Amino acid sequence: MHKSDFHYQLPERLIAERPAQRRTDSRMLVLERSSGEIADRQFTDLLSYLRPGDLLVLNDTRVIPARLAARKSSGGAVEVLLERIVDPDNGEILCHLRANRAPKPGAVIILPEGVEAEVEGRAGRLFRLKLRNVDRDLIDYLERVGRVPLPPYIRRQDDACDRERYQTVFAARPGAVAAPTAGLHFDERMLEELRALGVEITQVTLHVGAGTFTPVDSEDLTAHQMHAEYLDVSAQAVSAIDAARERGGRVVAVGTTVVRALESAAAQGKLRPYSGETDLFITPGFRFRVVDVMLTNFHLPESTLLMLVSAFGGYEQVMAAYRHAVEQEYRFFSYGDAMLLL
């Protein structure tokens, strides 16, 4: 398939600039793959689609305030967008840098509170930086001076609301620079209602990188190099999935990040505990080994996330569902509405 196969027309007014008033207020489009049937529902109707014995798998990554206003030692402005903390003990990070001229290796960038970062080199589109004089925990430093890294299609500055709402209620492990947005719809009450229904819940971790917003450059999808992200699928999560299978329950992935994590951990044919990086690129024709049901948001045209969803829900069915969502004026992208694929 080609990149242009995943294009659709989206009016800019349908891009959600802010979250719904309450997390569970979103709408939910339900797509049944086998029939192609589409239903317009509310997110709280998820309770009627899940059943006792199902296993809900959440991504417990926590978004860090990864956007920093900085300057070159020569005085020019630099915007730093952290992609990944490589070594928190030694202050080594990978990041995107926006400046009039890209700094060269050996250049020093001055971060907030006078912290100095030396440019050590490049890693593709990213820069390797080493922070020289952070006198506290790196995550604490970022929490203190960083800003919420809202996606590029949200055309406003972050504010106090985003500190809470661009974060899931079950976020636990700091490391993401973009939210696992399907999880933003859940509040504590909804999770309790699912447990009361008999739905089991487990967690995996995939630290979402800013590369998730990187456009696909090549029309030929086989030429695209997927960005790498860190994941951790624990032995406990694997046991929970095995138990769900034994009792006849379904594995319900909350978000494309959970799908990538689980399918990466099962890439050798059987799901096993795994910690490390994945650059798995899922396109139509992919054989899913773990996930039975997926909850997700609506994704950018021609994006790798839309390609993954099309692989899971069926290309024709998903693209038809997206056209329906536009016609029905669903809210799109990170702060937008949900989609359930059965």
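The structure discussed here is a predicted model, in which local features need pLDDT of at least 70 and side-chain atom pairs count only at pLDDT 80 or more, while totals for chains, interfaces and linings use all residues. Residues are numbered from 1 along each chain as its sequence is written, and side-chain values use heavy atoms, with hydrogens and water left out.

R260 lies in helix 6, which covers residues 256-265; helices (H or I, at least four residues) and strands (E, at least two) are DSSP runs, numbered from the N terminus. With a relative accessibility of 3%, R260 counts as buried, a word that means under 20% relative accessible area, whereas exposed means over 50% and partly exposed is in between (1.4 Å probe, protein chains only). Contact means heavy atoms within 4.5 Å, and, when neighbours within four places in sequence are left aside, the residues in contact with R260 include L206, M226, H227, E229 and L308.

V254 belongs to strand 14, made of residues 251-254, and its relative accessibility of 3% is the reason that V254 counts as buried. Beyond its neighbours within four places in sequence, V254 is in contact with L56, V57, L58, A182, G183, F186 and L295. A223 stands 31 residues from V254 in sequence, and the C-alpha to C-alpha distance between these two residues is 28 Å.

T202 is found in strand 12, residues 200-206, and is buried as well, its relative accessible area being 5%. With neighbours within four places in sequence set aside, T202 is in contact with L55, L56, V57, L58, A237 and A240.

## Salt bridges

Side chains of opposite charge can pair when their charged atoms come close. A salt bridge is a side-chain nitrogen of Lys or Arg within 4 Å of a carboxyl oxygen of Asp or Glu, and by this rule the model has 20 salt bridges.

| Salt bridge | N to O distance |
|---|---|
| D159 and R18 | 2.8 Å |
| E277 and R84 | 2.1 Å |
| R125 and D217 | 2.4 Å |

Which parts of the chain does the salt bridge of D159 and R18 tie together? D159 and R18 meet in a salt bridge; D159 lies in the loop between helix 2 (138-145) and helix 3 (160-165) and R18 in the segment before strand 1 (27-31), so the pair ties together parts that are 141 residues apart in sequence. D159 is partly exposed at 26% relative accessibility, and R18 is partly exposed at 40%. R18 and D159 are also linked with R156 and D162 in a network of salt bridges.

E277 forms its salt bridge with R84, and this pair links distant parts of the chain, 193 residues apart, with E277 in strand 15 (residues 274-278) and R84 in strand 6 (residues 77-87). E277 is partly exposed, with a relative accessible area of 44%.

R125 pairs with D217; R125 lies in the loop between strand 9 (116-123) and strand 10 (126-131), and D217 in the loop between strand 12 and strand 13 (229-233), so the pair ties together parts that are 92 residues apart in sequence. R125 is partly exposed at 46% relative accessible area, whereas D217 counts as exposed at 57%.
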